Amino acid sequence: MSSTVPRKGVLAALWLPTDHSGNLLRAELSRNLDFLKSRGIHGVLALGSTGEFPQLDVEQRKRALAMIAELAAPLPVIANISDIRPQVVTALGKFARELGLPAIAIMAPGFFPSSQEDALAHFLHAADASGLPTFLYNFPELIGTRINLETVAAFSERAPMAGIKQSGGEFDYHKDLIRLARERKFTVFSGADTRLPEVFSLGADGCIGGIVNIAPELMVHLFKVCREGVAGDIHPAFERMQDIGRILDRLTFPLNVAAGMEARGLATGAPKAIVSQRSAELYAGIVTDLRAKFNEWQLVQPHPINVA
């Protein structure tokens, strides 16, 4: 396991293939991570929103962190320890440190409204409990609380802030975060998977995204050309990312990520939540249409794996 905090690059907000009881499937996870590593990604966010962490109990989350840390090596793994319960944040933060992970991520508590002062106290508690460099994780559409710029600034003054993951619909917020990051020397990762050329033109350091599970080579290519200055044409990869995004948008997140992965020939495991007949139909349509796109683009599919 790398002890280096990831400061740039393309990181997978890792999908977790589980059985019907929420237990992580080792062979499937290993196969998916081998696929991602072979496409040149730079790290992993474990137990993020794409990993559907609220569906897992604390012991399942600990086992998942340990397994991901083992199988993702030598890639760095950021452990999302977000929870509404401070004692769970403490337990997961300490466990991440025991595993030797380089950093944690933390969201606002969620469900109940949080003032900015209470959100800041929650973040400081997470950083103190883990003793690790910390990424704030802003996804107000899911959590219900936006992490305001003043809160980010206050946290960066009082804790070992590694960076922030900016997700959700407020794209222009990247500008303020990147401006502050340049002053305070922290990293900005974006969750705007389908807008990477714009993200990198603003000065973001990288992305942490769900679509990385599906089309990592397209996103790594865009990072290299747009962020690292490697010679190349961004338009085919960007247009394909736009196509993927439009097809995935037919279904709600994160089930749409699983549909995209199935279209790519990757293991997704059992659904962690109840899926309606309508969603199942939309899911099947995504699989069909994206599979046709991947075949058209000659994106090589992973070899199938038989799991006992």
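**Exercise 1. Decide whether Cys207 is buried or exposed, and find how many disulfides the structure holds.**

Solution. Cys207 has 0% relative accessibility, so Cys207 counts as buried (buried is under 20% relative accessible area, exposed over 50%, partly exposed in between, with a 1.4 Å probe and protein chains only). The model is predicted: local features need pLDDT of at least 70, side-chain atom pairs count only at pLDDT 80 or more, and totals for chains, interfaces and linings use all residues. Residues are numbered from 1 along each chain as its sequence is written, and side-chain values use heavy atoms, with hydrogens and water left out.

Next, take Cys226, which is partly exposed at a relative accessible area of 27%. The cysteine sulfur closest to that of Cys207 belongs to Cys226 and lies 11 Å away, too far for a bond. A disulfide is a pair of cysteine sulfur atoms within 2.5 Å. The search of the whole structure finds zero disulfides.

**Exercise 2. Describe how helix H6 and helix H7 cross.**

Solution. Start with the axes, which are lines fitted to C-alpha atoms, for helices over the stretch in contact, with angles from 0 to 180 degrees between N-to-C directions. The axes of H6 (residues 149-158) and H7 (residues 173-184) come within 11 Å and cross at roughly 20°. H6 is therefore roughly parallel to H7 (angles under 35 degrees count as roughly parallel, over 145 as roughly antiparallel, 65 to 115 as roughly perpendicular and the rest as oblique). Helices (H or I, at least four residues) are DSSP runs, numbered from the N terminus.

Definitions and conventions. Helix = DSSP H or I, 4+ residues; strand = E, 2+ residues; numbered from the N terminus.
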